[in-house]
Amino acid sequence: MQRQNFRCVHRLRVRWAEVDMQKIVFNAHYLMYIDTAMSDYWRALALPYEASMQTLGGEMYVKKATLEYHASARLDDTLEVGLRCARIGNSSSLFEAGIFSGDKLLVSGELVYVFADPSTQTSTPVPPALRAMLEGFEAGADMVEARTGDWNALGRDAGRLRTAVFVKEQGIAADVEADALDASARHAVLYNRLGQPVATGRLLQQAPGVGRIGRMAVDRSVRGAQWGRVLLNTLIDAARARGDQQVQLHAQCSAQGFYQRAGFAVAGEPCQEAGIAHVLMARVF
């Protein structure tokens with residue numbers, strides 16, 4: 001078992017509460033590390049877990065978990081937890097886990113999940129859609145489809161995501177979040193393999209040759225899995241295809257680092273928009 005064998009890897013740092021008197025990780029915490037990595041696995045599939053399981057008509061239950069200890073993790077170690085779906089049966093799925101410190105394997109594990117009816121907790125066949133997603137992910141397939149279009153085509157899904165993020169989560173007034181510019185904007189929405197919208201944004205024409213990206217919103221349950229970057233790249237590609245030489249955006253200051261990693265530079269002083277600190281950023285092609 002090697003680190004490079006895993007497409008999904010969760011990184012963590014060992015905390016004081018997780019070690020014993022010798023500052024060695026208590027054995028039961030390794031299962032918690034793997035369970036935390038499992039949440040990342042669903043994000044990597046672009047699946048908001050609760051909503052997705054409702055759509056699939058069941059729930060994933062752990063039937064069996066086994067660990068083999070090879071070496072110890074210690075306080076302040078940075079660990080990487082790899083997780084992969086190794087086999088799918090009729091109603092069960094076998095996941096393999098590896099916990100690494102650098103290239104050194106500390107703990108290996110296997111978890112058997114059973115897909116079941118939550119009302120009776122009796123096993124049912126793994127839905128074909130879930131089977132296809134698990135197999136596709138492990139084969140390196142894309143987990144989202146990016147669609148672009150006008151508000152008539154994408155507004156319902158884009159609006160639902162934006163309301164969840166900006167209005168309900170960030171407390172922005174609904175009449176401020178929605179504006180007349182939606183009608184002329186080019187919108188982008190990312191859909192997972194269940195057809196659920198998981199991220200959205202829009203592209204405006206700021207000036208001849210200058211695009212303006214805005215209303216970037218990612219479902220909070222799948223954040224941290226690079227879907228924001230996929231969405232941003234989709235909007236940048238749309239600007240390039242239109243002939244723009246530059247794109248600008250008003251980034252929330254808390255997200256400034258995200259946009260800098262995508263090649264944007266600060267182009268103005270911080271300001272307040274809808275009660276939230278923003279800064280003008282730009283990227284030239």
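1. Arg43 and Asp40 form a salt bridge, with their closest N and O atoms 2.6 Å apart; the term denotes a side-chain nitrogen of Lys or Arg within 4 Å of a carboxyl oxygen of Asp or Glu. The two residues lie three apart in helix 1 (residues 29-44), so about one helical turn separates them. Helices (H or I, at least four residues) and strands (E, at least two) are DSSP runs, numbered from the N terminus.

2. The model is predicted: local features need pLDDT of at least 70 and side-chain atom pairs pLDDT 80 or more, whereas totals for chains, interfaces and linings use all residues. Residues are numbered from 1 along each chain as its sequence is written, and side-chain values use heavy atoms, leaving out hydrogens and water.

3. Arg11 forms a salt bridge with Glu80, the closest N and O atoms being 2.5 Å apart. This pair links distant parts of the chain, with Arg11 in strand 1 (residues 8-13) and Glu80 in strand 3 (residues 78-88), 69 residues apart. Arg11 is exposed at 54% relative accessible area, while Glu80 is buried at 13% (buried is under 20%, exposed over 50%, partly exposed in between; 1.4 Å probe, protein chains only).

4. Helix 4 (residues 151-169) has a kink of about 35° centred on Asp157; the bend is the angle between axes fitted to the seven residues ending at a residue and the seven starting there. Among the buried residues of helix 4 are Asp157 and Arg162.

5. Arg162 also belongs to a network of salt bridges with Glu177, Asp179, Asp182, Arg202 and Arg215.

Key: Expected span 1.5 Å × (residues − 1).
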